[in-house]
Amino acid sequence: MPDSAPPTASAPLLRLERVIKHFGAHRAVDAVSLDLAGGEFFCLLGPSGCGKSTLLRLVAGFEAPDSGTIRLGEADLTALPPHRRPVNMMFQSYALFPHMSVAANLAYGLKGLGLNRAQSAERVTDLLRLVRLEGFEGRRPGTLSGGQRQRVALARALARQPRLLLLDEPLGALDRALREETQAELRAIQRRLGTSFVVVTHDAEEAMALADRIGVMEGGRLVQVGPPRELYERPASRFVAGLLGDVNLIAGRLGPTEPGGVRSVETALGTLCASGAGEAGASVVVAIRPERMVIGGVSAGGLTGKLSEATFLGDRVRYRVAMADGTSLRASAALPGAGPAPSVGEAVTVTVPADAARVLPA
Amino acid sequence: MSLFARTALALALTFLYAPILVLVAYSFNASKLVTVWGGFSTRWYGVLFADGPLIASALVSLKVAALSAAIAGVLGTCAALALDRHGRFRGRGAYTGLLYAPMVMPEVITGLSLLLLFVGIGLDRGIATLVIAHATFATGFVAVVVGARLKGLDRSLEEAAADLGAGPARVFFGITLPLIAPSVVAGFLLAFTLSLDDLVIASFVSGPGATTLPMRIYSQVRLGVNPEINAASTLMIAAVGLVVLAASWLTGRKASAA
């Protein structure tokens, strides 16, 4: 696994070492090791049931690992109960205390921090200002809108000024329009406070919009960690490629390494040039993002097929090209300018730039 | 509603409540004869409140109901918490069954077994044995009521409290207990009425000087029904009805607030 280094060279804030957690016979978290830098915005991305929430709950202390260690700075958290861990969590359901006012919710975590009454009140006021909810201190959670509840939950989780904040699907319950706005707000708050955030999400677009680095989980394992762009452009497996966005996967056999690192791959559609590693003769797939495919006239050279579908999507057009072997390829392009646009039923060629094609294990 | 449904409902309600309505009506009968209407009067309520032994029995009943409901409330809540919170511990199924068994056990058997126990350990029969016996059979009911509420409680509320630095005691008294309080009170009220109503178990385990109201009424009825007993029964129906209404209001309210 190409584990890219955290953005700063200093000692990691959070360090997970070979953390394993079983539920019965099911291995929910499988030997996960991860370093997180201070001030980093990290997203754990994966489909439901991949173990990302369990990993978060292990860090928060609601689950105990079967083996492995969890350290925060110098402290070993592994054996500490949740109320003694210097990390806080924002829950997917928000978990606001329904029998308390907004202010009492925010102040709940301040007990035991050695603040006097005035300091507590001031902290609550600061938190309300941070999430733009001034004037809501006396309201009960039940009287707030979803977006307001989300902000109270965030403020409450930040009340103890943790160095690490865990967020379980923080935007999952918001509608689409609000979500985009809240993403930007979350990012701004994280930058301003310098707190490390670990966000669990199943939404790749959200992860890419938020994170400095993304960790992709599959079947309890952390399969790839890196900045969003790296994961999108150089996925390590077809799983990661498919999770991060739409992708064409073409099966083939890998040829020998050629000068410049370019590999030729024999596929049912013809020979493709791609980049990536692997032994010559190995069965592989070539992954190409639809927006990197170039659709042209018959004379242009490349793979030939018949345009079977062209869907207008406003800012771009999505094409589907039926190939000779019965498969179809997806391509998308910005709206064609002055040039003639291919029409459905026409024979077209699909060109794949070598730098856009990645060789992945089959 | 169709005519059939309406008729069926009317018949069912008549079947259930006609005897009670007759009893309530005759408690306001001026005549001393139970079956002959002699005009409206509240004289039997006056007679009732002047009847020292009957009042004493009512006080015994109230005292036993309050004490046993308090004990059952605490024990039942603890039992519900244990069943709900500690996952699949060894013997959980057996424990659940044991808790619910007294609810379906014939009261004669519960009463007899408690009597044997009290005699066996040499405990003098009286208020104390009544309280213990009623607490025993009401605990299961409280556990069911509180357990239903706990099942609907979002576990992440307690986790959030712990995450914010609260130890187990602060989580329980600050979060869990306030949120399940309506069901605990409803369970208490249920246990209270169960104790107030009970005749069979009380007959086994009470002793001299600890005659409950149902026992007193039953023994008087055996000598012949008189309108005073109708009046006492009417007051008891009113008391139990009010308590049950309060309990259902509490359980209904928590369901809509959650």
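**Entry 1**

I began with the pairing rule, under which two strands pair if DSSP finds at least two bridges between them. The model I am reading is predicted. With that rule in hand I looked up Met90(A), and I found that Met90(A) stands opposite Leu167(A) in β7(A). The two strands concerned, β6(A) and β7 (residues 164-168) of chain A, pair in the parallel sense, and I noted four bridges between them.

I then asked myself which residues of β6 (residues 87-90) of chain A are buried on each side. On one side I found Val87(A) and Met89(A), on the other Asn88(A) and Met90(A), and all of these are buried, so that both faces of the strand are covered. I kept in mind here that in a regular strand the side chains alternate between the two faces of the sheet.

**Entry 1: the four-stranded sheet of chain A**

Next I traced an open sheet of four strands in chain A, whose order is β2-β1-β4-β5 and whose pairing is antiparallel. Its edges are β2 (26-36) and β5 (75-76) of chain A, and because each has a single partner strand, one side of each is left without a neighbour in the sheet.

I followed the pairing of β1 (residues 14-23) of chain A with β2(A), which is antiparallel and extends over seven bridges. Within this pair I recorded Leu16(A) opposite Leu34(A) in β2(A). I also looked up Phe23(A), whose bridge partner in β2(A) is His26(A).

**Entry 2: the five-stranded sheet of chain A**

I turned to the open sheet of chain A with five strands in the order β15-β19-β16-β17-β18, for which the pairing is again given as antiparallel. The edge strands are β15 (294-296) and β18 (328-334) of chain A, each of which pairs on one side only. From one strand to the next, the twist averages 45°.

Inside this sheet I checked β16 (residues 303-312) of chain A against β19 (residues 347-351) of chain A; the two run antiparallel and are joined by four bridges. One position I wrote down is Gly305(A), which stands opposite Val348(A) in β19(A).

**Entry 3: a loop residue, Leu115(A)**

I located Leu115(A) in the loop between α2 (102-107) and α3 (117-130) of chain A. Is Leu115(A) buried, partly exposed or exposed? I counted it as partly exposed, because 14 other C-beta atoms lie within 10 Å, and a residue needs 20 or more to be buried, or 12 or fewer to be exposed. Leaving aside neighbours within four places in sequence, I found Leu115(A) in contact with Leu110(A), Ser120(A) and Arg123(A).

**Entry 4: domains and confidence in chain A**

The domain assignment of chain A gives domain 1 as 14-242 and domain 2 as 248-361. I noted that the C-alpha centres of these two domains of chain A lie 39 Å apart, and that five residues of domain 1 are in contact with six residues of domain 2. On the domain 1 side of that contact I listed two nonpolar, one polar and two charged residues.

For confidence, chain A averages a pLDDT of 89, and 94% of the residues score at least 70.

Chain B, when I looked through its elements, has 11 helices and zero strands. The C-alpha trace of chain B spans about 70 × 60 × 30 Å along its principal axes, and buried residues make up 36% of its 258 residues. Of the contacts in chain B between residues at least 6 apart in sequence, 78% join residues at least 24 apart.

How many residues of chain B are in contact with chain A? I found 15 residues of chain B in contact with 16 residues of chain A. The elements that give two or more residues to this side of chain B are α7 (155-163) and α8 (168-197) of chain B, and α7(B) supplies the largest share, seven residues. By class, this side of chain B has nine nonpolar, three polar and three charged residues.

Key: Residues numbered from 1 in each chain as written. Chains lettered and ligands numbered in written order. Predicted model: local features only at pLDDT ≥ 70, side-chain atom pairs only at ≥ 80, totals over all residues. Contact = placed C-beta atoms within 7 Å. Nonpolar A, V, L, I, M, F, W, Y, C, P; charged D, E, K, R; others polar. pLDDT = per-residue confidence, 0-100. Axes fitted to C-alpha atoms, helices over the stretch in contact; angles between N-to-C directions. Domains from an automatic or database assignment.
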